[in-house]
Amino acid sequence: MISIFDLFKIGIGPSSSHTVGPMVAAQQFLQTYSSLHALADIAAVDIDLYGSLAATGEGHATDTAILLGLLGHTPEHIDTRQCADYLRPIMDEQRLALAGEHVIDFDTKTHIHWHPDTVLPYHPNALSITATLGNGEVYTQTYYSIGGGFVINQNDATNPDSDPASPTVNNPPYPFNHAADLLTMCESEQLSISDVVLANELHYRSEEEVFAYLDRIWTVMQDCVSAGCMQDGILPGGLSVKRRAKALHEQLRYEASLPPKDEAGTDKLAAMDWVDLYALAVNEENANGGKIVTAPTNGAAGIIPAVMHYYRDFLPQYDIHGVRKFLLTAAAIGSLIKQNASISGAEVGCQGEVGSACAMAAAALAEIMGGTPAQCLNAAEIGIEHNLGLTCDPVAGLVQVPCIERNAMAAIKAINAARLAYRGDGQHFVSLDKVIETMKQTGADMSDKYKETARGGLAVYANTHIPTVQHGVSVNYSQC
């Protein structure tokens with residue numbers, strides 16, 4: 001099972017797999033190298049990007065995310081407002097300070113190598129970092145960014161038992177690998193899904209630590225929505241996509257300030273506009289390289305916060321205990337999907353990102369509404385089922401079109417799935433386990449051009465309609 005501390009990560013936009021993961025990989029490289037050699041021995045560093053990381057890496061800010069990691073920054077603690085300053089010595093002077101200490105010559109044009117047509121065996125998102133020492137010795141590590149900011153090295157890929165995301169010892173009290181197992185435990189022990197996940201988390205950490213982390217995740221999500229509602233202008237990257245959240249926020253606030261209409265004239269679906277706003281705000285911040293919670297990925301980061309804001313603003317029972325239950329329940333669904341399929345757009349398409357987030361949010365909202373574990377799992381099943389086959393086809397490799405609007409649509413779908421399941425008895429023709437298995441198989445059957453390579457679907461629009469597209473973190477972060 002996957003902990004909430006792993007599934008919900010505080011990171012940086014625009015992508016968990018293409019930005020957060022590569023930055024983490026660079027950090028891991030420095031740590032493992034430093035345990036064997038001195039930084040001062042390094043004469044040169046080369047970076048090789050493969051598969052999807054190379055195909056859409058520039059638009060996803062992969063290249064300089066790695067450089068930020070080599071500078072010593074981490075996704076959680078980096079000041080996104082200062083990224084352009086951090087990168088300036090590299091871009092202007094071709095000088096890279098490894099871990100902020102050892103300065104070497106580094107030219108992005110000659111030391112970063114792109115291999116979009118080479119896919120390594122384990123996962124489409126692969127990168128290698130090579131340090132050449134002054135004595136000619138070479139030290140190389142290969143990493144796979146497997147979605148949601150999760151990173152494993154080559155040894156983990158060939159030896160699954162070493163994967164830190166899949167512990168095989170010290171099992172928690174309620175281990176589950178499938179939805180059927182989870183439902184059986186909930187019913188036999190008279191526990192909610194959030195109760196089960198909390199009990200498992202408390203096997204490893206104190207209640208104070210768990211609740212503090214959940215509260216922090218919620219705070220960062222709210223801060224992200226607030227930041228997105230205050231910014232306007234054009235998103236970086238060259239597509240000239242206009243930020244809409246601020247104008248929409250002002251419009252909705254104005255309408256809310258008007259005298260109430262009679263019941264016949266009241267817009268019964270006004271909450272949908274606010275949910276759209278919340279999702280747009282998060283994903284515009286993500287596209288601009290802002291501070292984001294992977295939920296479970298950056299590309300789908302707006303869905304869970306949007307539904308949680310719906311709970312906060314439109315349901316009467318909101319409190320911090322409900323927030324914690326929401327995130328715990330969502331984590332259970334995310335864990336099931338990641339264990340049995342994938343949350344990586346490069347591996348199974350956007351059904352693994354937006355579809356997963358939609359299912360997580362739907363199940364969590366169903367529990368908050370008072371749903372049984374069976375109804376919650378039904379809500380998750382509906383959320384995934386109606387995202388099956390969803391392709392990952394970002395125009396120009398940027399997480400903007402169709403990604404931003406797609407989050408708004410999926411947030412509404414999650415609310416509908418929760419309400420539909422809550423009105424039922426939890427029985428459904430297709431089980432959650434079956435639909436997760438189907439999502440995995442659909443992803444395997446899906447053509448690679450629809451899996452975050454910017455070579456199919458809407459992404460080909462860029463090839464015929466967009467004359468010049470700027471790429472790279474240096475572009476994204478220069479406008480933060």
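Predicted model: local features only at pLDDT ≥ 70, side-chain atom pairs only at ≥ 80, totals over all residues.
Numbering starts at 1 along each chain as its sequence is written. Local features need pLDDT of at least 70, side-chain atom pairs count only at pLDDT 80 or more, totals for chains, interfaces and linings use all residues, and side-chain values use heavy atoms, with hydrogens and water left out.

**Annotated span**

An unreviewed UniProt entry annotates residues 3–155 as "domain: Serine dehydratase beta chain". UniProt positions follow the numbering used here, feature names are shortened, and annotations may be inferred rather than shown by experiment. The span is 35% helix and 29% strand. Its end C-alpha atoms lie 22 Å apart. Helices (H or I, at least four residues) and strands (E, at least two) are DSSP runs, numbered from the N terminus.

**The sheet**

Strands of a sheet pair through backbone hydrogen bonds, either parallel or antiparallel. Here, 5 strands make an open sheet with mixed pairing, in the order β5-β2-β6-β7-β8. Two strands pair if DSSP finds at least two bridges between them. At the edges are β5 (112–115) and β8 (151–153), each pairing on one side only. From one strand to the next, the twist averages 20°. Axes are lines fitted to C-alpha atoms, for helices over the stretch in contact; angles run from 0 to 180 degrees between N-to-C directions.

Strands β6 (residues 125–133) and β7 (residues 138–145) are antiparallel partners over 7 bridges. S128 faces T142 in β7.

**Helices on the sheet**

Helix α2 (residues 16–34) packs on the sheet. It touches β2 (42–50), β6, β7 and β8, where contact means heavy atoms within 4.5 Å. The direction of α2 makes about 150° with that of β7.

Helix α4 (residues 62–70) lies across β2, β5 and β6, at about 145° to β2. Since 9 of the 9 residues of α4 are buried, the helix is largely enclosed by the rest of the structure. Buried means under 20% relative accessible area, exposed over 50%, and partly exposed in between (1.4 Å probe, protein chains only). The buried residues include D63. After α4 comes G72, with a positive phi near 110°.

**Cysteines**

The whole structure has 0 disulfides. A disulfide is a pair of cysteine sulfur atoms within 2.5 Å.
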